[in-house]
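Hi everyone, thanks for coming. I'd like to walk you through one model today, so let me put it up on the screen.

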Amino acid sequence: GMGLPVVLMPGPMNAAVAAGLDGHCELIRLWEEPDPDAVLAGRRDEIVAVATGGTTIDGPWLDRLPAVRLVASFGVGYDRIDAKAAAERGVIVTNTPGVLDDEVADTALGLLLMTVRELGQAERYLRAGKWADGTPYPLTRATMHGRRMGILGLGRIGQAIADRVEPFGITVAYHNRSPKDLPYRYYPTLLEMAADVDTLMIVIPGGPTTRHLVNAEVLKALGPDGILINVARGTVVDEQALVDALRTNTIQAAGLDVFEHEPNVHPDLLTLPNTVLLPHVGSATQPTRTAMANLVVQNLTHYLTRGTPLTPVPESTHLLK
Ligand code: 8YV
């Protein structure tokens, strides 16, 4: 509409985003445009904000849209967006922290239970008729009780996971770049922590600084009773090293919601018996995805009406007045 600020949506998003923006802006749905490049060129001086889910946004991408001042991203992880390059261009980036912590923590717990107690394999065993044939499913080597969990990247989601596992009798430790004022043991290095725990829970952001933090050496330190759970980003794990560690029983098992080359999963992960694999569903419930969409909308509307969004990422906070 005439006079409304113009917001670009490069790719499809949860429907609540467009619904919530209705009346607040003119929304360009770029993927529906027959000639997207012509739209970007023709409206480059009008587009002031971007609403995005899975699009990769870097400096050169932003240079095509010099009027953009806000990139409102759907999801707590924003590794597809170069927030530093954005800040250098005066562009604020927002994410959706807080509203998905419990959902992702629940998924992490489900993945942990499935992996430790082999629940997926046990269900497939029943469905294959093997139980009815008269043979019970073998006793699992691992139990939840008495496990020692190391959380890689203890933030809001890690805290929600810690709160959930303590009633199981699981002890919690963590590795972050710096210690926090928390009642859990802190390890200054991931390697030391991996050697001391039997359960490694990955909740650290993705991106170049955390790429392949969990490598062959860390997996070896985790050891033969070790269980790896990843609900963060596939890039944090050297997936080939993980495959090798699982195949040689260097670690016991892995439960993964995320992968290095989504939606493609390393073929060996699919055939190994000691993996539990989910298609990146950590936050994927209708209520939580609606809450995330609403926070994207609020970031945009607050920015468009007041000049300040609600939840800027740390790389952007210095741009706020
Ligand atoms: C979503 C996520 O799958 O919040 C995140 O960082 O990985 C998930 O909640 C993703 O952001 C959807 O685009």
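Let me start with a question: which residues point one way from strand β10 (residues 227-230), and which point the other way? Ile227 and Ile229 are on one side, Leu228 and Asn230 are on the other, and all are buried. By buried I mean that 20 or more other C-beta atoms lie within 10 Å of the residue's own; 12 or fewer makes a residue exposed, anything in between is partly exposed, and the C-beta atoms are placed from the backbone.

Two housekeeping notes before we go on. This is a predicted model, so local features need pLDDT of at least 70 and side-chain atom pairs count only at pLDDT 80 or more, while totals for chains, interfaces and linings use all residues. Residues are numbered from 1 along each chain as its sequence is written. As for the element names, helices (H or I, at least four residues) and strands (E, at least two) are DSSP runs, numbered from the N terminus.

Back to β10 and its surroundings. There is an open sheet of seven strands in the order β8-β7-β6-β9-β10-β11-β12, and the pairing is parallel. The edges are β8 (185-186) and β12 (275-277), each pairing on one side only. Two strands pair here if DSSP finds at least two bridges between them.

Let's step across part of that sheet. Strand β9 (residues 199-202) pairs with β10 in the parallel sense over four bridges, and methionine 201 has isoleucine 229 as its bridge partner in β10. Between these strands comes helix α9 (residues 216-222), and β9, α9 and β10 make a right-handed β-α-β unit. Right-handed means that, with the strands pointing away from the viewer, the path from the first strand over the helix to the second runs clockwise.

On we go to β11, which β10 joins in parallel over four bridges. Isoleucine 229 turns up again, with glycine 255 as its bridge partner in β11. The chain gets from β10 to β11 through helix α10 (residues 239-247), in a β-α-β crossover that is right-handed. Strand β11 (residues 253-256) then pairs in parallel with β12 over three bridges, and the bridge partner of glycine 255 in β12 is valine 276.

The loops around here deserve a look too. Asparagine 249 sits in the loop between α10 and β11, and its phi is near 55°, a positive value in a residue other than glycine. Asparagine 249 counts as exposed because 11 other C-beta atoms lie within 10 Å. In the loop between β11 and α11 (267-271) we find proline 263, and the peptide bond from glutamate 262 to proline 263 is cis, with omega near 0°.

Now for the other strands. β1 (6-9) runs parallel to strand β2 (residues 26-29), with four bridges joining them. The chain crosses from β1 through α1 to β2, again right-handed. β1 also pairs in parallel with β3, over three bridges, where valine 7 has alanine 49 as its bridge partner. From there, four bridges join β3 to β4 in parallel, with leucine 70 in β4 the bridge partner of alanine 49. Both faces of β4 are covered: Leu70 and Ala72 on one side, Val71 and Ser73 on the other, and all of them are buried.

What packs against these strands? Helix α12 has buried residues that pack against β1, α1, β3, β4 and β5, where contact means C-beta atoms, placed from the backbone, within 7 Å. Those buried residues include Met292, Val296 and Tyr303. The helix has 21 residues (286-306), so at 1.5 Å a residue it should span 30 Å, and the 29 Å between its end C-alpha atoms agrees. That expected span is 1.5 Å times one less than the number of residues.

Last stop, the ligand. Around the ligand are Gly53, Gly54, Phe74, Gly75, Val76, Gly77, Leu100, His280, Gly282 and Ser283, each with its C-beta atom, placed from the backbone, within 6 Å. His280 lies in the loop between β12 and α12, and its phi, near 50°, is positive in a residue other than glycine. With 16 other C-beta atoms within 10 Å, histidine 280 is partly exposed.

That's my tour, so over to you for discussion.

Note on methods: Contact = placed C-beta atoms within 7 Å.
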